[in-house]
Amino acid sequence: MTARPDDVNIDTSDIDALLTGVGRRNQTETADQSAVDGTTAERRSGKTVPPARASKFTALLTPEDALTFDGLAMEMRAAAGRRVEKSEILRALINLASDDFLVKGALRKAVTRRITDSEE
């Protein structure tokens, strides 16, 4: 096929060099990421990135609950001296509820009360 005067030729010979590392962030470790236990990498802040097999959830909160959650995160940040991810708070609450029968009982009461209140 012969080239027409309107055809444009683009040199793509260096495309592999340009795309090196793009889209492959989780396949290789960088200098600021070191494997601690073989399943996670540490961020510069020292927090551990959750393993790739972690589940993702969406929570629908009322405006009041969202403000309370934000306030809780700010309190935890002040206590820890670093940013505390909301997912860290949720994981801690889940572990507390599963490990402590008093917390689990309080959670059961709170959930039952919210369900009852929403049906009224």
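The model is predicted, so local features need pLDDT of at least 70, side-chain atom pairs count only at pLDDT 80 or more, and totals for chains, interfaces and linings use all residues. Residues are numbered from 1 along each chain as its sequence is written, and side-chain values use heavy atoms, with hydrogens and water left out.

Start with the patch. Leu90, Leu93, Ile94, Leu96 and Val103 make a nonpolar surface patch of about 430 Å². Patch residues have over 30% relative accessible area and no salt bridge; nonpolar side chains (Val, Leu, Ile, Met, Phe, Trp, Tyr) are joined within 5 Å, like charges within 9 Å. Areas come from the Shrake-Rupley method with a 1.4 Å probe. Helix 3 (residues 86–99) gives the most to the patch, with four residues. Helices are DSSP runs (H or I, at least four residues), numbered from the N terminus. Leu90 lies in helix 3. Leu90 is partly exposed, at 41% relative accessible area; buried means under 20%, exposed over 50%, partly exposed in between.

Now the charges. Side chains of opposite charge can pair when their charged atoms come close. A salt bridge here is a side-chain nitrogen of Lys or Arg within 4 Å of a carboxyl oxygen of Asp or Glu. The count is four.

Asp70 pairs with Lys86, the closest N and O atoms being 2.3 Å apart. This pair links distant parts of the chain: Asp70 sits in helix 2 (residues 63–80), Lys86 in helix 3, 16 residues apart. Asp70 is partly exposed, at 30%. Lys86 is partly exposed, at 35%.

Arg82 forms a salt bridge with Glu88, at 3.0 Å between the closest N and O atoms.

Note on methods. Helix = DSSP H or I, 4+ residues; strand = E, 2+ residues; numbered from the N terminus. Buried < 20%, exposed > 50% of the residue type's maximum accessible area, 1.4 Å probe, protein only.
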